[in-house]
Amino acid sequence: MLRLEGVSHSYAGRAVLRDVTLDLAEYRIGVIGANGSGKSTLARTLNGLVVPDTGTVSLGEWNTRRHAQQIRRQVGFVFSDAANQIIMPTVAEDVAIGLSFGWMKAEEIARRVDAILERFGLDGHRDHPGHLLSGGQKQLLALASVLVTEPAVLVCDEPTTLLDLRNTRMVRRVLDSVVQQVILFTHDLDLIADYERVLVIDEGRVVFDGVPGEAVPFYTDLMERTEREGTDR
Ligand SMILES: Nc1ncnc2c1ncn2[C@@H]1O[C@H](COP(=O)(O)OP(=O)(O)OP(=O)(O)O)[C@@H](O)[C@H]1O
Ligand SMILES: [Mg+2]
C-alpha cells in the first residue's frame, strides 16, 4: 500500500504540498482539485518523479527517497499528454521497451506486446510510428506501455483531458477493467463518480476525503466559495 506521511513540498520557496498524510489502500481512488492546487505534484510523489522536501512516500518497505527504482516498477504513471510518453519508432517497440531491460526472453516480450496491442485495439498499428496515432490511440498506447509491465498501481494524471467523448469513454473502460489499483487525478468528475474514495485537494492540502457522492458537492461548493471570495476582493 502507498503511504504518505507528513509530505510537504515547495517550488522556489512556495509551498505546493502541505503536510499530506494518507494511506492509499482502496482499489479505485480519485483525486480532484482546482488548477494549481497541487494534484500533479502529489501524483508525481507517488512514484518518485518528485521526492518531497519533507515527509516520506512509501510502498511497503520501500520509500521513494531510497528505492525509487523498485517503486517505479510497481507504480506505473500515465500523463495527460501521451505524446510525451511515445519514444520509440513504432507502436510495438514503444510497448516492448518497458520489458526490454529485464530477464524476459524476446519471444515472451513479443507475445505480451501482441496480446496487449490486441486488447487495446492497436494491433493494426503495431508497426506504425506512435506519433501518427490519434490522440485517443496515443493515450491507449501510453496505458498499454505501462500496463504491459504489470505494475501493482496505476497513477493517471488527467488521462482524458485532451480526448473527445468517445476516447474518454474508451480510456474509462480500460481504467475500469484493469486489475491494478488506480489512482486517478482528474477534472472530469464523471470519471470518478463510482470510485471507492475521492480526495479533494486545495492549496496543497487534502481538504476532503470520502465517497464521491459527498466529495463532488464539497468540491463544487469550494469552487463556488472561492469564486465569490475572488469577486468580493
Ligand atoms: N516544476 C515546477 N517548478 C516550479 N513550480 C511548479 C513546478 N511544478 C508545479 N509548480 C507549481 O506548483 C503549483 C501546483 O502545480 P500542480 O501542477 O501540482 O497543480 P495541479 O493541481 O496539477 O494543476 P492542474 O489542474 O492545472 O494540472 C502551481 O502553482 C505550479 O505553478
Ligand atoms: Mg496537473
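Helices (H or I, at least four residues) and strands (E, at least two) are taken here as DSSP runs, numbered from the N terminus. The model described is a predicted one, in which local features need pLDDT of at least 70 and side-chain atom pairs count only at pLDDT 80 or more, while totals for chains, interfaces and linings use all residues. Residues are numbered from 1 along each chain as its sequence is written, and chains are lettered from A and ligands numbered from 1 in the order in which they are written.

Strand 1 (residues 2–11) runs antiparallel to strand 2 (residues 14–24), and the two are joined over seven bridges; strands are said to pair if DSSP finds at least two bridges between them. Within this pairing, Val 7 lies opposite Val 20 of strand 2. Strand 1 also pairs with strand 4 (residues 54–59), again in the antiparallel sense, over five bridges. Here Ser 8 has Thr 54 of strand 4 as its bridge partner.

The backbone of this region holds two points of interest. Most residues other than glycine have a negative phi. Ala 12, however, has a positive phi near 50 degrees. Ala 12 sits in the loop between strand 1 and strand 2, a hairpin with two residues between the strands. With 5 other C-beta atoms within 10 Å, Ala 12 is exposed; by the criterion used, a residue is buried if 20 or more other C-beta atoms lie within 10 Å of its own, exposed if 12 or fewer, and partly exposed in between, with C-beta atoms placed from the backbone. Asp 19 likewise has a positive phi near 50 degrees, but Asp 19 belongs to strand 2 and is partly exposed, with 15 other C-beta atoms within 10 Å.

Attention turns next to the ligand. The residues surrounding ligand 1 are Tyr 11, Val 16, Gly 33, Asn 35, Gly 36, Ser 37, Gly 38, Lys 39, Ser 40 and Thr 41, where a residue is near a molecule if its C-beta atom, placed from the backbone, lies within 6 Å of it. Helix 1 (residues 39–45) makes the greatest contribution to this shell, giving three residues. Sorted by class, the shell comprises two nonpolar, seven polar and one charged residues; Ala, Val, Leu, Ile, Met, Phe, Trp, Tyr, Cys and Pro count as nonpolar, Asp, Glu, Lys and Arg as charged, and the others, Gly among them, as polar.

Helix 4 (residues 106–119) has 14 residues and should span 20 Å at 1.5 Å a residue, which agrees with the 20 Å between its end C-alpha atoms; the expected span is 1.5 Å times one less than the number of residues. Buried in helix 4 are Val 113, Ile 116 and Leu 117. These residues cover an arc of only 100 degrees around the axis, and so lie on the same side of helix 4, the arc being that of the directions from the helix axis to the C-beta atoms. An α-helix has 3.6 residues a turn, so residues three or four places apart point the same way. The face turned away from the buried side of helix 4 carries the exposed Glu 107, Glu 108, Arg 111 and Glu 118. The cover over the buried residues of helix 4 includes helix 3 (91–97) and helix 5 (135–147), contact meaning that two C-beta atoms, placed from the backbone, lie within 7 Å. Just after helix 4, Gly 121 adopts a positive phi of about 65 degrees.

In the loop between helix 3 and helix 4 lies Gly 98, which counts as buried with 21 C-beta neighbours inside 10 Å. Beyond its neighbours within four places in sequence, Gly 98 contacts Ser 145, Val 148 and Thr 149.

The buried residues of helix 6 are Met 170, Val 171, Val 174 and Leu 175. Seen down the axis, they fall within an arc of 135 degrees, so they line one face of helix 6. Helix 5, strand 7 (153–157) and strand 8 pack against these buried residues of helix 6, whereas Leu 165, Arg 166, Arg 173, Asp 176 and Ser 177 are exposed on the other side.

Strand 8 (residues 181–185) contains Ile 183, which is buried with 25 other C-beta atoms within 10 Å. Not counting residues up to four places away in sequence, Ile 183 touches Leu 24, Ile 29, Val 31, Leu 46, Val 153 and Val 155.
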